[in-house]
Amino acid sequence: MKAIQSPPLLRITGRKLLLTILFALSLGFSASFTAFAQAPTPTDDEVNRIAKQLYCPVCESTPLDVCPTEACRQWRDLIRTMLSEGKSEAEIKQYFVEQYGARVLAEPPNRLVAYLVPAVVILLGALVLFRGFQMWMKPSLTETGAVDAEREAKPSQDPYVVRLEEELKKRK
Amino acid sequence: MIANFGFGVLFITFLVTVYSVFAAIYGDRRQIPAMVESARRAMLLTWPLLTLTAGVLIYLLTNNHYEVQFVYEVTSRSMPTYLKVTAWWGGQAGSLLFWSWLMSAFASLVTLRKWDRDREFLPWVIVVACVTMAFFIGMNVFFENPFAQLYQTTAGIEPHTFHPANSILFTPQDGRGLNPLLRHPGMIIHPPMLYLGFVSFVIPYAFAFAALITGRTDDRWIRLTRRWALWAWLFLSFGLVLGSRWAYDVLGWGGFWGWDPVEIAAFMPWLTGTAFLHSVMIQEKRGMLKHWNMLLIILTYDLVIFGTFLTRSGVLSSVHAFAQSAIGPLFFGFIGITLITSVALIIYRWNSLKSETEMTSLLSREALFLLNNLLFMSILVVCFWGVIFPLISELFTGQKVTVGPPFYERATAPLFAALMLLMGIAPLSAWGHSTVKTLGRAIWKPTIGAVVITALLFVTYTHHVGALIGFFLIALVILVTIYEYLRGAYARQRGQGENIFVALWTLTGRNRRRYGGYIIHLSMMLMAVGIIGIEGFQVETQGRIGVGESLKLSNYTVTYKELASWDDQPKGVNYTRAVVDVYRNGIYLGQLHPRRDYYYDSQQAMTIPGERATLRDDLYVLLIDWEPASTTGATFKIFVNPLVNWLWLGSFLFLAGIIIAAWPEKEMERVAVPVRRTIQQTSAAD
Amino acid sequence: MTESSVAAPRRGVPIWAQIIIWVFLVGLLAIVAAGLRRAQQGTVQPGQIIKNFTLPLYSGYDLGGKSEIQLENLRGKVVVINFWASWCKPCEQEAAEMQQAWTEYEPTGKVVFLGVDYVDTEPEARVYLKKFGITYTNGPDLATRISQYFRIKGVPETYFVGPDGVLQYVQIGPFTSIDQIRAQIDPLLK
């Protein structure tokens, strides 16, 4: 094809230059893409969402999101960094446990024992009571006549109380 | 000089209480009324002595006597006088003294009544009161002396009770000052209120103990201490509410209850105390649940001692502090000994605590109260286990763990729900015989009402299942309670011909315990509304914004306007205050002023939120951080807490309810007694 | 309180129930007592043989490229175990002295300084180490195992272990001068 032809050297250089420029631009784009991928620093809310579930390793009974000390601020920054690296919530918690021990979690790691013992105790208690109740319900064969009389005396409280209420109504 | 005098008086008081214990026991065993009377007089002496001691301590606190260790630890020159007085209970040593002072006041009040009919109780009530007092005063005298002074010795500056050789008295220029968290009105009243509750519960325990020892295990001891138990419960409940309010207002965590071991330690005696309050009604009416009542009051007493140590004001401590302090083992020893003694006594007197009537139906009122006891005890088991588990874990596995809110909430939620269901059913149950039919007939109307309300809430407010269940139960209890109230009022209206309002008034007046109780139940339901609101629907956000920028949450917009920082030299505080504009749905509502108070003497800061409270919700704004050049940006944390003000509202109604319930019904009392005596004589003749 | 005229069987608490109640009660009290006693124990005291522990090391602060170190491998040398943290202000007071002591004793080859970083974050720790020019071995106390073993009550604390593996001295709080450090190490080198 007959077009205006640049001298051969320039042609090659020009194409190379164009390619280089294109290449550089595309590098720049992809670099900025990766920058975009890292750019949004995790918000305070995202950090707090995880920090809420952790406890300060040094303070007493203080959740990590509200702890005001310098050390806690560093830990929250650590969470922020880990989030921006793409770590998941579980990974972050795991990391904290490895670093600082199980006490940073809000619940003991072996939840079975923690929940099982009170459940067993409560059920046992309910069982004991129910058994006791059943024993009450059975007519007692060992009661003597005196006890029957005693039982009669007690309900007779009621007529007195009834009369009492009547008296009071009248006294109004 | 003055401090030594104070210590001397304290020491004498200790000797007096010890004497009183021995005199009472001796007088009772040898049947010498004069000895018992001497013991009683000795106990009466403790209050003036302790008041004198307290007076000395307050004098030292308000007059900058920093050579006294306690004064150094809890006051400073920048504190106003009234705060210096409240610093009395701002530290361990002082709060122990405060406890003893309250104990002596109540014990004296109890012994000032007429004892003619209950002479045999007197020595043992004195014994329990004085042993407890001797313990607390002994703590002060031998381990945590509030009058210890600082001496410069060869080893450094140390506190001592008596002037050691080769040392001179050391007077610091200024004190460390009260923990700033304690300089808030709520925190000033909260410890005394809690202690009032704790100490008042010792009185019913003393009578229970006396009943066990003397064998007079009928309900006499309950009737005698009925009002004490109620007031104790009032103070304890209010102490807990105040603590919650303080945590909400001042701690800046956005919540009111953190399931911290310290909170739980004060909550546990409340649980057994509430169960006790209900359970004694059954003993009075039907002579049942006697074992339970004994057990509950013993537990309440020991939990009170446990709670007292753990909730020492001044520092947010925990089980950790209990374990590491020097007097932890002593408290533990005291609790262990009293627990063992009391349990041994119950076992010894087991037979005499037999029920007078039988339980015939699982749905009778007695059975439901029994279930009530079981539920409260279950919650107690959960709480106690949660507190003790970290200790056990460290002991057996060497691993430190934390038991936090998720455990407690999950474990107690079904139990609380069951309690609420009970609150709805029990008022409709009958004594003795009750079947599903009778109960069903009574309850179907309120149930329908509750279902309707819940359906409405489902449509208009939320789809959250847990919250809906909670709301259903709340509606059920409220409807049942109102229903019971109106039923009684209508009966009066028809019988007496009064109009409905007068009927309601006189109804309440005639049976204060029952209707006061209903009001308390209603107030609890209001509080439950608040709790469900904040626990279920709280939202938060945090962000750094520049001046003029806003944070949005729910329908609220919070715009940062300005920030100012200044010193208050006399108070020793640096205030940093932000001003924010608040909009809801675009409508301007006003301004809030969250601030940070930094106290120079104790080098601690307090975060005070700006709050806007309505019945619908609370907007809660915290100033977390700010740039030195304040115009460039500040970090705010915002909470929206739906329905939380129902919690505080409910607590006011609660107060009214207890006052009604506790109001004396003198006439009933006087007439009731002779009738009872006759019955006792009749049955004794059998 | 009335008794029946004919002696009904006295149903007190049956023996088996009593045994259970007492065992439970005493057991509970014993457990709490044991926990209390354990918490009341101070730090590990001189005279005790320190059992082996593993300290993972920060890269750059390792003994010639190792990723972790075992205490028993250091037997025969004086080991100075220093607990610190970057957020600990008092630790800064002794940091310079510690480093100076290390430079004095390193040539002898008979002393090892181990910095145990307590509950800290690595970036902040490195900032601290760089600030004070610290070169001796340092590593994090993972899951606070080592500090729990020593039962430290705070930071800084320094433990001097002799060549025989027996704990010689415990320093609570920062050193105020390098003489104090020398005073503990020199006798052990004899």
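Select B:Glu366 and its contacts, where two residues are in contact if their C-beta atoms, placed from the backbone, lie within 7 Å. Neighbours within four places in sequence aside, B:Glu366 touches B:Ile282, B:Arg286, B:Met288 and B:Met359. The model is predicted: local features need pLDDT of at least 70, side-chain atom pairs count only at pLDDT 80 or more, and totals for chains, interfaces and linings use all residues. Residues are numbered from 1 along each chain as its sequence is written, while chains are lettered from A and ligands numbered from 1 in the order in which they are written.

Stay on B:Glu366. Is B:Glu366 buried or exposed? B:Glu366 is buried, because 24 other C-beta atoms lie within 10 Å. The cut-offs: buried means 20 or more other C-beta atoms within 10 Å of the residue's own, exposed means 12 or fewer, and partly exposed is in between.

**Helices 13 and 14, chain B**

B:Glu366 belongs to helix 13 of chain B. Helices here are DSSP runs (H or I, at least four residues), as are strands (E, at least two), numbered from the N terminus. Select helix 13 (residues 365–397) and helix 14 (residues 405–425) of chain B: their axes come within 10 Å and cross at roughly 165°. Axes are lines fitted to C-alpha atoms, for helices over the stretch in contact, and angles run from 0 to 180 degrees between N-to-C directions. That angle makes helix 13 of chain B roughly antiparallel to helix 14 of chain B. The classes are under 35 degrees for roughly parallel, over 145 for roughly antiparallel, 65 to 115 for roughly perpendicular, and oblique for the rest.

Show the side chains next. Residues making the contact include B:Leu368, B:Leu371 and B:Gly386 of helix 13 of chain B, and B:Phe407, B:Tyr408 and B:Ile425 of helix 14 of chain B. By class, this contact of helix 13 with helix 14 of chain B has 13 nonpolar, 4 polar and no charged residues. Ala, Val, Leu, Ile, Met, Phe, Trp, Tyr, Cys and Pro count as nonpolar, Asp, Glu, Lys and Arg as charged, and the others, Gly among them, as polar.

**Helices 5 and 6, chain B**

Move to helix 5 (residues 92–111) and helix 6 (residues 122–142) of chain B, which pack at about 160° with axes 9 Å apart. Helix 5 of chain B is therefore roughly antiparallel to helix 6 of chain B. Pick out contact residues, among them B:Trp99 and B:Met103 of helix 5 of chain B and B:Phe136 and B:Asn140 of helix 6 of chain B. The contact of helix 5 with helix 6 of chain B divides into 13 nonpolar, 4 polar and no charged residues.

**Loops**

Select B:Leu643, in the loop between strand 13 (634–642) and helix 19 (645–662) of chain B. B:Leu643 is not a glycine, yet its phi is positive, about 65°. B:Leu643 is buried, with 24 other C-beta atoms within 10 Å.

Jump to B:Asn166, between strand 2 (156–160) and strand 3 (168–169) of chain B. B:Asn166 has a positive phi of about 55°, again without being a glycine. B:Asn166 is exposed, with 8 other C-beta atoms within 10 Å.

In chain C, go to C:Pro156, in the loop between helix 4 (145–150) and strand 6 (157–161). The peptide bond from C:Val155 to C:Pro156 is cis, with omega near 0°.

**Last stop: chain A**

Chain A has 7 helices and 0 strands. Of its 172 residues, 22% count as buried.
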